[in-house]
Amino acid sequence: MTSLRFLTGITTSGTPHLGNYVGSIRPSVQASLRADVESFYFLADYHALIKTDEPARVQRSTLEIAASWLAAGLNPDRVTFYRQSDIPEIPELTWLLTCVTGKGVLNRAHAYKASVDKNLAAGQDPDSDVTAGLFMYPVLMGADILMFNAHKVPVGRDQVQHIEMARDMGNSFNHRYGQHFVLPEAVIDDAVALLPGVDGRKMSKSYDNHIPMFAPREQLQKSIAGIVTDSRAPGVPKETEGSALFQIYQAFASEAETLTLRQAYADGIAWGDAKQILFERVDREIAPMREAYLGYINNPAKVEAILLAGAAKARATSQPFMTRLRHAVGLRPLGEQASAKTAETAKSAKAALPTFKQYRESDGQFYFKLVDSGARLLLQSPGFANPKDAAASMARLRELGVLAWSTAHSNWPAPSDVASADIQAALLQLAEGH
Ligand code: TRP
């Protein structure tokens with residue numbers, strides 16, 4: 001079956017907070033339940049080394065984030081759930097991508113530029129205290145994504161530039177060495193994108209305004225009591241606009257519940273009462289997971305085993321893919337007659353090339369399909385109003401192959417018995433043969 005690959009990671013440098021839960025953990029667990037989606041979730045512990053030099057913190061955070069994901073309902077049998085540093089192909093791919101990435105592109109990365117600007121403003125050397133790790137952050141992230149040929153990457157708005165850079169790296173590599181990478185796209189869910197912290201700014205560990213996801217009940221209540229409000233007295237109508245308390249409530253409540261609180265604001269609810277309502281609502285969602293979370297935290301060996309099993313599953317993809325990539329760039333056995341062999345395969349492939357067939361249906365629309373040499377249906381186009389559009393779409397597939405397919409195929413009717421790998425292989429064959 002053709003399916004869309006989703007991939008996302010969380011850097012293991014802190015304790016998961018409600019912003020991580022609402023913005024990343026909850027939507028990714030929901031997406032992982034969709035039948036048409038193949039999900040990859042990982043703990044970005046190599047990235048953590050860029051942010052912290054406390055080994056105990058990296059280890060603890062890895063356990064806490066893994067436990068949070070599992071407690072929130074991520075089923076490791078349905079998805080590929082792993083720790084970045086268990087996949088040695090990722091740093092290996094990082095190097096291959098480093099060699100096709102312009103240094104100037106990395107100069108323009110937001111996080112690096114922010115550090116440079118800060119140094120300049122302070123009259124310091126522009127690269128003062130900037131590690132090469134921070135500079136290379138986007139390349140490591142590109143390798144995370146391209147390694148598994150992910151189509152969609154759910155991230156916060158602040159990460160969109162990184163996904164665009166990953167696209168560029170994939171594109172440059174494909175251009176030089178043939179089509180190997182799917183070009184990924186960022187997915188931003190506007191409904192959940194940003195949760196404010198207790199001070200109203202984006203909830204973030206670095207602003208120290210976060211509410212921990214699995215704090216004990218009493219501590220959760222205390223954190224919520226700390227949310228900044230205006231000084232309007234009980235009985236005075238309150239604004240929902242710009243109210244962090246209201247926005248956090250909205251991220252947890254149903255539409256009807258949200259409407260009720262909106263009315264309570266208009267009726268002048270006391271801030272203390274509004275905070276109590278928020279606390280009860282958040283706790284209602286979190287409490288059932290809290291027990292599961294503690295179960296994992298108190299049994300790190302169990303989490304370790306789950307992650308190692310996930311790594312084995314991930315490496316079943318990354319190892320053979322890395323072999324292919326090494327070969328593509330010329331890191332290959334000396335005895336191998338590379339060019340002769342490629343020409344040979346191309347020749348025999350040409351004899352049995354997949355073909356496009358165009359036709360018109362009784363609905364008056366124009367269609368085409370891709371069939372393999374054995375006449376098996378691989379890909380079926382949607383209907384086009386005129387033959388020119390159908391031909392243009394076909395030409396795009398023929399020339400760009402996997403790239404065109406990965407960006408256009410998601411809403412195409414998929415033959416259920418065909419593996420997406422077969423379609424990719426056929427398109428690759430066509431692109432090479434033509
Ligand atoms: N940089 C991401 C963050 O800080 C974490 C991350 C690392 C990631 N590699 C990734 C996210 C690959 C998506 C895909 O939020």
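Author: A polar side-chain atom of Tyr-137 is placed 2.6 Å from a nitrogen atom of the ligand; a polar contact is a pair of N or O atoms within 3.5 Å, and within protein one must be able to donate a hydrogen and the other to accept it, while residues adjacent in sequence count only if both atoms are side-chain atoms. This is a predicted model, in which local features need pLDDT of at least 70 and side-chain atom pairs count only at pLDDT 80 or more, whereas totals for chains, interfaces and linings use all residues. Residues are numbered from 1 along each chain as its sequence is written, and side-chain values use heavy atoms, with hydrogens and water left out.

Asp-144 likewise has a polar side-chain atom 2.7 Å from a nitrogen atom of the ligand. On Thr-11, a side-chain N or O atom lies 3.3 Å from an oxygen atom of the ligand. Taken alone, the ligand exposes 360 Å², of which the protein buries 89% (areas by the Shrake-Rupley method with a 1.4 Å probe; for residues, only the protein chains shown count as cover).

The shell holds 14 residues, each with a heavy atom within 4 Å of the ligand. Those that come nearest are Thr-11, Tyr-137, Met-141, Asp-144 and Gln-159. By class, the shell has eight nonpolar, five polar and one charged residues; Ala, Val, Leu, Ile, Met, Phe, Trp, Tyr, Cys and Pro count as nonpolar, Asp, Glu, Lys and Arg as charged, and the others, Gly among them, as polar.

Strand 1 (4-11), strand 2 (37-44) and helix 7 (132-147) each supply at least two residues of this shell. Helices (H or I, at least four residues) and strands (E, at least two) are DSSP runs, numbered from the N terminus.

A further strand may now be considered. Lys-152 belongs to strand 4 (residues 152-154). Leaving aside neighbours within four places in sequence, Lys-152 is in contact with Leu-4, Arg-5, Phe-6, Leu-7, Glu-185 and Val-187, where contact means heavy atoms within 4.5 Å. The C-alpha atoms of Lys-152 and Val-37 are separated by 10.0 Å, although these residues are 115 residues apart along the chain.
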